[in-house]
Amino acid sequence: MPFTVNVQHLELEGQEYQGSIPVDDLDLDSIDDLICPLSSLDYRLTVEKHETNLLVQGEIRQIFACECSRCLKKFELPVVIPGWSGFVALEGEESLPVNNDMVDLTTVLREDILLALPQHPVCGQACRGLGSKVAEIREPHDAEDLKGSSPWIALDHLNLEKDKD
């Protein structure tokens with residue numbers, strides 16, 4: 001069920017709203033391969049009308065299942081925006097449509113949750129990535145280790161000073 005507000009009820013004073021928007025109503029399926037919504041978007045908001053705009057303030061939260069971009073470990077990421085606020089135009093170029101005095105604020109909440117998500121989710125600051133689980137590659141230390149493996153070995157033995165004579 002989308003989050004809709006009756007503009008007529010806001011004429012005299014602001015209203016408080018609390019509820020959840022199901023994942024299906026948020027259209028979050030195509031966010032990212034590493035991020036998937038686990039819960040509905042929960043909100044606790046106050047909406048006030050100021051002339052031809054709505055001021056929306058409060059808290060929004062949602063939990064996502066993520067895959068670490070470094071080590072591919074799965075983890076849960078709670079996204080909580082405690083001091084969230086939005087200014088929604090009811091008229092003009094960037095306004096939301098008003099149908100039968102109702103305004104759907106779902107897209108406004110959805111956009112800010114998306115902006116709060118990391119571009120590359122990481123399971124923690126201490127994550128060292130896949131490199132910590134993969135065997136280290138042995139680096140060669142001298143020309144003997146490289147013997148026969150590189151055509152550039154001959155250049156290491158080239159003495160240009162000797163060839164000038």
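**Strands and salt bridges**

Author: Strand 4 and strand 5 form a hairpin with two residues between them, and Glu-51 in the turn has a positive phi of about 55 degrees. Please keep in mind that this is a predicted model.

Reader: In which sense do strand 4 and strand 5 pair, and over how many bridges?

Author: Strand 4 and strand 5, the latter spanning residues 53-67, pair in the antiparallel sense over nine bridges, and within this pairing Lys-49 stands opposite Leu-54 in strand 5. Strand 4 (residues 41-50) also pairs with strand 2 (residues 15-21), again in the antiparallel sense, over seven bridges, with Leu-45 of strand 4 as the bridge partner of Tyr-17.

Reader: How should I read the salt bridges, and how many are there?

Author: Side chains of opposite charge can pair when their charged atoms come close. Here the count comes to three salt bridges. Glu-59 forms one with Arg-44, the closest N and O atoms being 3.7 Å apart; this pair links distant parts of the chain, since Glu-59 lies in strand 5 and Arg-44 in strand 4, 15 residues apart.

Reader: Is Glu-59 buried or exposed?

Author: Burial is assigned under 20% relative accessible area, and Glu-59, at 17%, is therefore buried, whereas Arg-61, at 35%, is partly exposed. In the salt bridge of Lys-74 and Glu-67 (3.1 Å, N to O), Lys-74 counts as exposed at 62% relative accessibility, while Glu-67 counts as partly exposed at 21%.

Note on methods:
Residues numbered from 1 in each chain as written. Predicted model: local features only at pLDDT ≥ 70, side-chain atom pairs only at ≥ 80, totals over all residues. Heavy atoms only, no water. Pairing = 2+ DSSP bridges. Helix = DSSP H or I, 4+ residues; strand = E, 2+ residues; numbered from the N terminus. Salt bridge = Lys/Arg side-chain N within 4 Å of Asp/Glu carboxyl O. Buried < 20%, exposed > 50% of the residue type's maximum accessible area, 1.4 Å probe, protein only.
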